[in-house]
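Hi everyone, thanks for having me. Please have the sequence and the 3D view open, and we'll walk through a few places together.

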Amino acid sequence: KKMLNKHNNSFFKSLDYGLLIILAVILIVSLAVLSTASINVIPSDPYHYVKKQVIMIISGLIIAAFVAAIDYEHWRKLSWWIYGFNILLLALVFFVGSSAKGAQRWIPVFGDFNIQPSEFAKILLIVTFAHYLSQRKDKLNNVRDFITPLLFVLPPTMLVFLQPDLGSALVFGAIFIGMMFVAGANPWKFGAIIVGSLAVTVGAVYFHFAKNLPWPLSYLEGLPLPLEDYQLARLLVFIDPAADKSGAGYHVIQSVWAIGSGGLWGKGYRGGTQAQLNFLPEHHTDFIFSVIGEEFGFIGTSIVLFLLCIFLLRMISIALKARDDFGMLIVAGFVSMLTFHILVNVGMASGIMPVTGIPLPFLTAGGSSMWANMMGVGLVLSVAIRRERPMF
């Protein structure tokens, strides 16, 4: 009994309360913003999404506590089993998944409750890839050394891409890049490959749409891409939203208007017009940042971004104090994932990045996203609790 009490005391004493306090503030802000962003979505049940978010937060915190209580080293032993389960879960979507908005991404559980495997796949990939890279420290110096890590990440990424869920597939790419750099990949060679890949992608998109090019470039006109034209239009609409005001550009135009009309202090709680009158689509999910900008202004958006930034910096501090490379890479992967989510979602809402449907962590309404993020928090806490190197 004394040993059990000692273990419990050690667990609570070692918790990173700074991280938990910041998370608690972000979650409170989430409920406050969601209470205005979603009030007109279901008129018969104005607080439907708020109540659902409360349930997801409470259950998510339980998940985080459970994951934090387990020494993260245990996941190393199960790494390949977790990787196989991840592939199986993503493949299962194609057989029993439900479709919505042209994509098959959800698995029905009971009633109208569905889970989105791609959200959990991000966390499972982080754990398994962290184990994989921890065994290859100082062995990522040459271009050929980058091939096997890429092949490790490619199967789950392609399964997500084929759903199709380009946004989540891009998140997998961000996790891969962030963790590779932290694992010690040669920055010049690996960086050159990333820049080169981006250049090739931009060039391929250009030639896909280009017309009347001089010879011999004319042979590249209409270059085929693994995306439908409507998907490409949605991705590229941020360049000129006015070119498709009633289609793909509508979301971006309404979002930019909402943020811009908020000014310095905003229009006040439930005082916005774009969201409250339902001009702004998906204002409780993909474009919730636009609601913050419209109703709470530049000050409100700055506070939210400041909280998220402090949250990320706190986790970076935990990564630097991790007892081993495995723990450091787990935290680095989660930080890479959240950073990409934040940059793309905020950029998407501001009209400076493609519309990919990537949620804003802890703020967007979504059960799978919240649970997956809480799993990530639990892993980070597990690393923080055990950050002291063992004496023997």
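Where is glutamine 276 found? Take a moment to look for it. Glutamine 276 sits in a loop, the one between α11 (248-261) and α12 (288-320). Before we go on, please keep in mind that this is a predicted model.

Now, is glutamine 276 buried or exposed? Its relative accessible area is 13%, and the limit for calling a residue buried is under 20%, so glutamine 276 counts as buried. Who are its neighbours? Leaving aside residues up to four places away in sequence, glutamine 276 touches Thr36, Ile39, Asn40, Arg270 and Glu295. With one of these there is also a polar contact: the side chains of glutamine 276 and glutamate 295 are joined at 2.9 Å.

Let's move on to helix packing. Two packed helices are described by the angle between their axes and the distance between the axes. Please find α12 again, and beside it helix α13, residues 325-350. Their axes are 10 Å apart, and the packing angle is about 165°. Angles over 145 degrees count as roughly antiparallel, and therefore α12 and α13 are roughly antiparallel to each other. The crossing in which α12 passes α13 is left-handed.

Which residues meet there? From α12 they include Phe289, Leu305, Leu308, Phe311 and Met315. From α13 they include Met328, Val331, Phe334, Leu338 and Ile342. Sorting the residues of this contact by type gives 17 nonpolar, four polar and no charged.

Here is a second pair to look at. Helix α2 covers residues 17-37 and helix α14 covers residues 367-385. Their axes come within 12 Å and cross at roughly 165°, and α2 and α14 are therefore roughly antiparallel to each other. This time the crossing, with α2 passing α14, is right-handed. On the α2 side, the contact is made by Leu19, Leu20, Leu23 and Leu27. On the α14 side, it is made by Met370, Met374, Val377, Val380 and Leu381. The residues of that contact divide into nine nonpolar, no polar and no charged.

Back to single residues. Lysine 122 has its place in helix α6, residues 117-134. Is lysine 122 buried or exposed? With a relative accessible area of 1%, lysine 122 is buried. Not counting residues up to four places away in sequence, it touches Ser168, Val171, Phe172, Ile175, Met337 and His341. One of these is a polar partner as well: a polar contact of 3.1 Å joins the side chains of lysine 122 and histidine 341.

Next, please find glycine 97, in the loop between α5 (79-96) and β1 (98-100). Glycine 97 has a relative accessible area of 19%. Since buried means under 20%, glycine 97 is buried.

My last stop is isoleucine 194, in helix α9, residues 187-209. Which residues does isoleucine 194 touch, not counting those up to four places away in sequence? They are Ile177 and Phe181. From isoleucine 194 to lysine 139 the spacing is 55 residues in sequence and 19 Å in space, C-alpha to C-alpha.

That's my tour. Thanks for following along!

Definitions and conventions: Residues numbered from 1 in each chain as written. Predicted model: local features only at pLDDT ≥ 70, side-chain atom pairs only at ≥ 80, totals over all residues. Heavy atoms only, no water. Axes fitted to C-alpha atoms, helices over the stretch in contact; angles between N-to-C directions. Helix = DSSP H or I, 4+ residues; strand = E, 2+ residues; numbered from the N terminus. Parallel < 35°, antiparallel > 145°, perpendicular 65-115°, else oblique. Left-handed = near helix turned anticlockwise from the far one by under 90°. Contact = heavy atoms within 4.5 Å. Nonpolar A, V, L, I, M, F, W, Y, C, P; charged D, E, K, R; others polar. Buried < 20%, exposed > 50% of the residue type's maximum accessible area, 1.4 Å probe, protein only. Polar contact = N/O pair within 3.5 Å; in protein donor to acceptor, adjacent residues only side chain to side chain.
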